[in-house]
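Subject: Structure handover

Hello,

Please find the structure below. My notes on it follow.

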Amino acid sequence: MALTLVSSSASVAVTGWAKNTLTIFQIMIRSTLIACLLAGVTALASERPNVIVIMADDLGYRDLGFQGSEVVKTPHLDALAKNGVIFTDGHAAASVCSPSRAGFITGRYQQRFGHEANCPRGKQGMVTSEYTMGQAFQSIGYKTYMIGKWHLGNLEEMYPTQRGFDSFWGLREGSRGFFYKEGKEKFGNYHSIEENGKHVAFEGFLTDRMTDAGIAMIEANKQDPFFMFLSYTAPHTPLQATPEDKAKANGNAYHALIQNMDDNIGRLVAYLEENKMRENTVIWFLSDNGGTVGSASNYPLNGKKGVEFEGGHRVPFIVNWPAKIKGGQRFDGLTSAMDIFPTSFKLAGGKETPNKLDGVDLLPYLVGEKSGDPHATLYWRKLEQAAIRHGDWKMIRGEGLPEMLYKMGDDTSELNDVAKQHPEKVQELGKMITDWEKELVEPLWQEGKGFIKVRYKKNIEYRDAEMVKPTLGAKK
């Protein structure tokens with residue numbers, strides 16, 4: 001070695017210098033490695049997509065421009081649909097608000113945990129043993145935001161910030177007015193607006209304020225990937241609108257609520273674009289169930305909110321992700337709101353969840369790796385009524401009524417009951433429902449007999465729709 005040619009003192013000096021140099025060199029290597037690792041983590045975080053799920057409340061199937069409406073103007077949603085994917089056979093998990101949300105947010109049939117009817121006030125709500133989409137995203141380092149209508153329980157242990165969301169701005173209960181009532185709202189009224197457990201006295205129009213809250217949450221943590229559930233109360237009753245919005249909708253308050261919601265979605269998208277987040281943000285849009293008020297149009301579907309005809313649960317449903325999903329697609333496969341959980345979680349890097357999901361990862365279908373139906377079969381049940389969709393066949397079962405059978409490919413409007421012509425198909429689908437029901441638990445709460453009586457009458461009405469056509473009428 002070269003060091004043996006010098007004196008011992010020099011050798012010591014050189015050896016000391018070498019050790020110091022080595023130490024400095026090691027520090028430099030370690031610092032570089034740490035910097036690279038941090039850069040890699042930062043890059044990974046920046047590459048992981050943001051996910052926003054926007055849910056409308058009681059929106060009619062036809063009541064958007066891209067769904068065929070000629071009177072409701074929704075340019076921002078139309079643009080998302082045009083540049084994304086429209087699910088032509090997309091369904092909510094239920095035909096009413098609370099169970100629909102329970103199925104979406106868990107990715108599971110809500111009947112597996114007894115959440116069949118609308119959540120009443122009191123101690124009832126979604127059981128806390130269920131794993132939510134918010135918890136899943138928290139587990140992989142996402143910020144999670146819940147804005148708007150919760151409707152999954154009023155108790156503290158059911159509160160959004162206890163169920164997977166870092167921040168909440170909205171109402172615990174079902175729906176409410178769109179303007180603040182001074183002197184009549186207070187904390188403890190579950191229709192009042194809260195922010196992380198504190199009462200909010202808001203100004204102006206509620207849909208505008210919900211969007212403000214969502215933008216503010218993103219702005220506060222722009223460096224982190226996020227999952228947001230933006231659960232608007234529009235266009236659910238009461239049908240309230242500002243004079244300006246109502247004028248733009250030719251005096252129709254229901255249409256004004258939808259158009260104002262569309263304006264707010266446009267404002268959110270513009271914020272994402274201005275902050276260079278839009279390209280890698282996945283945006284889902286759907287309704288929690290079908291339309292119900294007189295101005296709503298579920299055309300060409302039969303039925304409405306609360307019953308198991310298509311108008312109750314087939315909903316406007318789109319996804320838009322500029323970075324990965326090609327726009328201009330119409331996907332005809334059988335799809336459920338339960339699919340949003342596994343699809344979004346997987347594309348964000350998630351793997352396993354504690355509970356087995358009933359939803360399906362849709363991404364392979366959207367990028368051309370798979371074709372066909374994500375679901376061979378889908379089920380719906382709300383207490384005394386149930387339905388099954390198996391391929392093109394749809395059967396509806398109502399207490400005290402004969403089974404109703406429809407062939408979707410030929411009769412999406414469910415105007416021609418063919419149960420008598422196909423008794424073997426009725427028997428087959430009936431057995432499938434019965435077998436599915438063996439996997440479920442008893443409903444944790446019921447509804448008043450009055451609701452059941454109304455549904456009984458409505459089921460007859462829609463069964464005989466070929467004669468009376470109660471919901472089809474003129475296109476709106």
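**Sheet and its strands**

Ala386 has Arg397 in β15 as its bridge partner. This is a predicted model, in which local features need pLDDT of at least 70 and side-chain atom pairs count only at pLDDT 80 or more, while totals for chains, interfaces and linings use all residues. Residues are numbered from 1 along each chain as its sequence is written, and side-chain values use heavy atoms, with hydrogens and water left out.

Helices (H or I, at least four residues) and strands (E, at least two) are DSSP runs, numbered from the N terminus. Two strands count as paired if DSSP finds at least two bridges between them.

The open sheet has 4 strands, in the order β13-β14-β15-β16, with antiparallel pairing. β13 and β16 (404-407) are at the edges with a single partner strand each, so one side of each has no neighbour in the sheet. On average, neighbouring strands of this sheet are turned by 10 degrees against each other, direction ignored. Helix α11 (residues 423-437) packs on the sheet and touches β13, β14, β15 and β16; its direction makes about 65 degrees with that of β15. Helix α12 (residues 449-463) also packs on the sheet, touching β13, β14 and β16, and its direction makes about 40 degrees with that of β16. Contact means heavy atoms within 4.5 Å. Axes are lines fitted to C-alpha atoms, for helices over the stretch in contact, and angles run from 0 to 180 degrees between N-to-C directions.

Strand β14 (residues 385-390) is largely enclosed by the rest of the structure, because 5 of its 6 residues are buried (under 20% relative accessible area, with a 1.4 Å probe and protein chains only). 6 bridges join β14 to the antiparallel strand β13 (residues 377-382), and Tyr379 stands opposite Ile388 in β14. In the hairpin of these two strands, with 2 residues between them, Leu383 has a positive phi near 55 degrees. On the β15 side (residues 393-398), 6 bridges join β14 to its antiparallel partner, and Ala387 stands opposite Ile396. In the hairpin of β14 and β15, which has 2 residues between the strands, Gly391 takes a positive phi near 60 degrees.

**A helix pair**

Helix α5 (residues 206-220) packs against helix α7 (residues 253-274) at an angle of about 15 degrees, and their axes are 9 Å apart. The two are therefore roughly parallel (angles under 35 degrees).

Regards

Conventions:
Buried < 20%, exposed > 50% of the residue type's maximum accessible area, 1.4 Å probe, protein only. Parallel < 35°, antiparallel > 145°, perpendicular 65-115°, else oblique.
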